[in-house]
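My notes follow in the order I checked them.

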Amino acid sequence: MEFLIFCIIFVTAFLVAFKPQKQKLAHILLVVSILMSVFIWLVATWGMLVPAGNL
């Protein structure tokens with residue numbers, strides 16, 4: 001999953017550097033990669049955020 005995020009960020013940088021007319025697509029890809037990073041962080045830290053117990 002982290003490799004996928006890395007690839008999306010690389011494609012975003014490529015679009016910004018070499019195809020400035022596709023800036024909107026680059027912005028969308030950047031937002032998607034940020035949301036995926038936040039999702040991975042939430043999954044990894046869910047046990048610390050919501051401790052196990054009788055709910």
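I looked up the secondary structure and found two helices and zero strands in the protein chain (DSSP runs numbered from the N terminus, helices being H or I of at least four residues and strands E of at least two). The radius of gyration is 16 Å, well over the 10 Å that the globule rule gives for 55 residues, so the chain is more spread out than a compact globule. That radius is taken over C-alpha atoms, and the rule is 2.2 Å times the number of residues to the power 0.38.

I noted that this is a predicted model, in which local features need pLDDT of at least 70, side-chain atom pairs count only at pLDDT 80 or more, and totals for chains, interfaces and linings use all residues. Residues are numbered from 1 along each chain as its sequence is written, and side-chain values use heavy atoms, with hydrogens and water left out.

Next I checked the packing. Helix α1 (residues 2-18) and helix α2 (residues 23-49) pack at about 160 degrees with axes 9 Å apart; axes are lines fitted to C-alpha atoms over the stretch in contact, and angles run from 0 to 180 degrees between N-to-C directions. That makes α1 roughly antiparallel to α2 (over 145 degrees).

Last, I looked at S33, which lies in helix α2. Buried or exposed? S33 counts as buried, at 1% relative accessibility (buried is under 20% relative accessible area, exposed over 50%, with a 1.4 Å probe and protein chains only). S33 touches I5, I8 and I9, leaving aside residues up to four places away in sequence (contact is heavy atoms within 4.5 Å).

Technical notes:
Parallel < 35°, antiparallel > 145°, perpendicular 65-115°, else oblique.
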